[in-house]
Amino acid sequence: RLATSLVEKLSTHHLRDFMDPTMDNTKHILNYLMPIIDQVSPELHDFMQSAEVGTIFALSWLITWFGHVLMDFRHVVRLYDFFLACHPLMPIYFAAVIVLYREQEVLDCDCDMASVHHLLSQIPQDLPYETLISRAGDLFVQFPPSELAREAAAQQEAERTAASTFKDFELASTQQRPDMVLRQRFRGLLRPEARTKDVLTKPRTNRFVKLAVMGLTVALGAAALAVVKSALEWAPKFQLQLFP
């Protein structure tokens with residue numbers, strides 16, 4: 001009963017955002033990662049922004065409290081104790097601390113999404129966990145979520161804006177294709193009489209095509225039926241020749 005009560009409490013408090021039907025709240029929590037890094041190391045923040053790596057590499061860290069990526073059960077249990085005793089956003093502070101701890105490794109790799117994502121998604125198993133836990137607590141005190149909420153919301157709003165304008169961008173790109181431009185110019189050169197004639201004759205052309213297809217279908221069906229009938233009449237004679 002104690003375990004059931006504990007899981008119920010976690011589901012309605014610390015892990016509540018991860019149990020929603022959508023990932024919106026989880027993405028919002030991930031948006032705190034870059035502002036935390038920016039407060040400590042603007043150089044690392046700008047490098048990651050230039051690489052466009054995003055925060056998806058830390059998704060499994062956050063929703064499983066690092067239990068999915070750490071091999072040593074002792075480290076997992078230690079982090080669980082730490083997160084249970086702290087604010088629900090503490091896992092994202094710990095994720096930021098790991099990235100900051102590997103700052104030099106990140107800056108030394110190529111500034112592209114694939115390289116940075118591959119590096120950060122592989123967590124070293126020999127991290128100084130106690131030191132990182134202490135530093136995560138210090139960062140939480142120095143930069144509480146209330147001070148970072150505006151930057152996290154701005155980052156989420158920027159993502160929404162990019163998503164909402166993608167359809168408009170796609171439509172504009174389609175309208176700017178060379179073949180589309182040529183069609184529009186050709187239509188502009190057509191005289192009104194030619195347009196009217198084209199509209200009036202188009203249904204008739206379609207009707208003739210349909211009639212031709214129907215006639216061809218009937219002819220092919222009749223030919224197939226005749227072939228089958230001849231084969232049925234010829235088959236017994238052929239069988240008698242083989243087996244007299």
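Visitor: Which residues is leucine 30 in contact with, leaving aside its neighbours within four places in sequence?

Guide: In this predicted model, leucine 30 is in contact with Thr55, Ala58, Leu59, Leu62 and Ile92, once the neighbours within four places in sequence are left aside. Leucine 30 itself is found in helix 2, which spans residues 24-30, and its C-alpha lies 9.9 Å from that of phenylalanine 57, a residue 27 positions away in sequence.

Visitor: Is leucine 30 buried or exposed?

Guide: The general idea is that, in soluble globular proteins, nonpolar side chains tend to be buried together. Here leucine 30 has a relative accessible area of 4%, and because the cut-off for a buried residue is under 20%, leucine 30 counts as buried. Over the whole chain of 244 residues, 27% are buried.

Visitor: Which residues of the largest nonpolar core touch the most other members?

Guide: That core has 52 residues, and those touching the most other members are Met48, Trp61, Phe66 and Phe94; helix 7 supplies the largest share of the core, with 10 residues.

Visitor: At what angle do helix 6 and helix 7 pack?

Guide: Two packed helices are described by the angle between their axes and the distance between the axes. For helix 6 (residues 73-84) and helix 7 (residues 90-101), the angle is about 130° and the axes are 9 Å apart, which means that helix 6 is oblique to helix 7. Leu79, Phe82 and Phe83 of helix 6 make the contact with Met90, Pro91 and Phe94 of helix 7, and by class these residues are 6 nonpolar, with no polar and no charged ones.

Visitor: What are the angle and the axis distance for helix 3 and helix 4?

Guide: Helix 3 (residues 33-40) and helix 4 (residues 42-51) pack at about 140°, with their axes 6 Å apart, and this pair is therefore oblique as well. The contact is made by Met34, Ile37, Asp38 and Val40 of helix 3 and Pro42, Leu44, His45, Met48 and Gln49 of helix 4, a set that divides into 6 nonpolar, 2 polar and 1 charged residues.

Visitor: How many helices and strands does the chain have?

Guide: The chain has 13 helices and 0 strands.

Notes. Residues are numbered from 1 along each chain as its sequence is written. This is a predicted model: local features need pLDDT of at least 70, side-chain atom pairs count only at pLDDT 80 or more; totals for chains, interfaces and linings use all residues. Side-chain values use heavy atoms; hydrogens and water are left out. Axes are lines fitted to C-alpha atoms, for helices over the stretch in contact, and angles run from 0 to 180 degrees between N-to-C directions. Helices (H or I, at least four residues) and strands (E, at least two) are DSSP runs, numbered from the N terminus. Angles under 35 degrees count as roughly parallel, over 145 as roughly antiparallel, 65 to 115 as roughly perpendicular and the rest as oblique. Contact means heavy atoms within 4.5 Å. Ala, Val, Leu, Ile, Met, Phe, Trp, Tyr, Cys and Pro count as nonpolar, Asp, Glu, Lys and Arg as charged, and the others, Gly among them, as polar. Buried means under 20% relative accessible area, exposed over 50%, partly exposed in between (1.4 Å probe, protein chains only). A nonpolar core is a set of buried Ala, Val, Leu, Ile, Met, Phe, Trp, Tyr and Cys residues joined through side-chain atoms within 4.5 Å.
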